[in-house]
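Have a look at it first, then follow along.

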2 protein chains.
Amino acid sequence: MKPLNDTFLKALMRQKCDYTPLWLMRQAGRYLAEYNATRAKAGSFLNLAHSPSMACEVTLQPVDRFGLDAAILFSDILTVPDAMGLGLSFVAGEGPVFAKPVQSEEAVNALYVPDPNKELKYVMDAVSEIRRALNNRIPLIGFSGSPFTLACYMVEGGSSKDFRTIKTMMYTRPDLLHRILEVNAQSVAAYLNAQIEAGAQAVQIFDTWGGALADRDFQTFSLAYTKRVVELLHREYDGEKIPVIVFTKGGDTWIEDIASCGADAVGVDWTSNLTRVRQRVGDRVALQGNMDPMVLFGSEELIRAQARKVIDDFGPVGNGGHVFNLGHGINQFTPPEAVSILVDEVHNYSRSKH
Amino acid sequence: MKPLNDTFLKALMRQKCDYTPLWLMRQAGRYLAEYNATRAKAGSFLNLAHSPSMACEVTLQPVDRFGLDAAILFSDILTVPDAMGLGLSFVAGEGPVFAKPVQSEEAVNALYVPDPNKELKYVMDAVSEIRRALNNRIPLIGFSGSPFTLACYMVEGGSSKDFRTIKTMMYTRPDLLHRILEVNAQSVAAYLNAQIEAGAQAVQIFDTWGGALADRDFQTFSLAYTKRVVELLHREYDGEKIPVIVFTKGGDTWIEDIASCGADAVGVDWTSNLTRVRQRVGDRVALQGNMDPMVLFGSEELIRAQARKVIDDFGPVGNGGHVFNLGHGINQFTPPEAVSILVDEVHNYSRSKH
């Protein structure tokens, strides 16, 4: 069943819209007092992510507050490797840590594709609960990290500045990394398909760390496996098209390659210029992005001007499709009023472009 | 006086060379046991940077060990803001910290252009001492951070992940940031000119953080001020041309703009493809780069293959100029033998391209 407001889905499929829809990466997050209240109730980030009812609650908070055009499942990017038994925890000030990083041939051989309806059932329950709570107002986006981005955390054992461990594996034992990526691609595809079956109406693959790779390594170790996931996804479910968005932070240099991966839409970060990206990739994919999240720390006038600049850079929509977003996740210190201003400007100003 | 081996200078000026010269960003550093010994003797990084004789010692270590084609002044990127009286120190695990970050109108108004031959005399003494010690074997590169990169540290008060403080200033009080950048441009130009007068035979401007800016903001707040520095530099001194290199990490999307800033050469990071960069900018500038520093953790065979790939990507030198380098500073855990292999391969394999 189509949502009452399906502008987001239409933009992704490059169909005629009345205005440019928007949502914000990390829209359910710490910049919202109501999120912090729910998180406090949960006790920890992982408890919050593991509870379908609380995940549902925070997913709807920004939707209710701002009138956004899509909701995105609240979850953690590392649910899949956690379901592989690698032992995820969060250490204050350090971010995610895996108790069992994948750094040996034995560890690689022990990897398996988790059953999304067993080990990750709490995510599917959250998707179903959110769909019920949304009551078809707007579409729900499911998501996953890309195979390479998940591998970064799995091999490094957590966050990294220079990706020395995974790159050393890539340059000394590429066979091991390829095996990890193949398992990840199967796992991500199964995970996203289960989200679609549970009710996700579009999915986004976050390739947060692909941009740290050298030219050619990106294509071989990141994009090839993202493409593999895209090929395995349900592109239609229950009679509805399921659009797929691929977002590679720092991917501007490879944007033609990314636009050829089979996805319906490509997310671009704030360093890109949407006019130039559109010149390079044409209208074969919709584009999503790309305001600098830090613009939201500016004055009302500045926020409105910068929002118009992004819309003007995309230009008349014509046969294209534009979903407004930030070029990266919203910052935790963002004043929520800035988001209200942004939504108002995007919704109003963009009408002239459609 | 021309150095005995002036291949590096000739490549920067796109003159005929016998082979592709190379040096490595951060070539004097913690991956070398002899560097760590000198640093231990100095007691701290800042003591080492402040001592002309010890700075000279570490500058020559990689040159003597590997037979590189250029030496680069060992110094800290934050000497200029330190000379402005902002109170630089290094906190273990946190990196550089300024006691007096520049976050108010008063602090901005108090900024001044330091006299490089007074407050920064220790750097000029190091340059002179290195030139004497090099005895004209190979050229010496002077360097500075770009006005924007220095401003990042000055406004943030140290390192930053998201540049929230400086971007908030940029979006709320652009006038203040422009004033900082103007002082920085004047300071960097005076600092580099003094290095040239003291003996630097080429200079590199490191725009380490320009790539964190949105399109248009990069041009306005970073590149415009780098260009201002380039315009103010001695381009010839004591009868010799002084080539200027500009390196913007993450600058691929703006490479045409960067190549138009007036520099002789443009450094590119490992995400770029040199074939495509050369197609975009032509041969109006030399290119420097761009192997992923992490390749040096691979096998001998892999290092040689990847070095050849970079040289092949640049292609036949023709009317162009190529200086081989890494796409970023060498990692502190790099095995020094890997550098010997790299130097050997670049020097030998590249002969067929000239």
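Q: Which residue of β11(B) is the bridge partner of B:M291?
A: This is a predicted model, where local features need pLDDT of at least 70, side-chain atom pairs count only at pLDDT 80 or more, and totals for chains, interfaces and linings use all residues. Residues are numbered from 1 along each chain as its sequence is written, with chains lettered from A and ligands numbered from 1 in the order in which they are written. Strands are DSSP runs of E with at least two residues, helices are runs of H or I with at least four, and both are numbered from the N terminus. In β11(B), the partner of B:M291 is B:L326.

Q: In what sense do β10(B) and β11(B) pair?
A: Strands pair if DSSP finds at least two bridges between them. Here there are five bridges, and the sense is parallel.

Q: How many of the five residues of strand β11 of chain B are buried?
A: A residue is buried if 20 or more other C-beta atoms lie within 10 Å of its own, exposed if 12 or fewer, and partly exposed in between, with C-beta atoms placed from the backbone. B:H322, B:F324 and B:L326 point one way, B:V323 and B:N325 point the other way, and all are buried. The strand is therefore largely enclosed by the rest of the structure, and the count is five of the five.

Q: Is B:L296 buried or exposed?
A: B:L296 sits in the loop between β10 (286-291) and α14 (300-314) of chain B. Beyond its neighbours within four places in sequence, its contacts (C-beta atoms, placed from the backbone, within 7 Å) are B:I303, B:T334, B:A338, B:V339 and B:L342. Because B:L296 has 26 C-beta neighbours inside 10 Å, it counts as buried.

Q: How far apart are the end C-alpha atoms of helix α7 of chain B?
A: The expected span of a helix is 1.5 Å times one less than its number of residues. With 14 residues (121-134), α7(B) should span 20 Å, and the value agrees: 20 Å.

Q: Which helix of chain B gives the largest share of the side that touches chain A?
A: 25 residues of chain B are in contact with 25 residues of chain A. The copies meet through the same surface, because 100% of the interface residues of chain B are also interface residues in chain A. On the chain B side, the largest share is five residues, from helix α9 (residues 164-172).

Q: What is the radius of gyration of chain A?
A: The value is taken over C-alpha atoms, and the globule rule is 2.2 Å times the number of residues to the power 0.38. For 354 residues, a compact globule would come out near 20 Å, which agrees with the value for chain A, 19 Å.

Technical notes. Contact = placed C-beta atoms within 7 Å.
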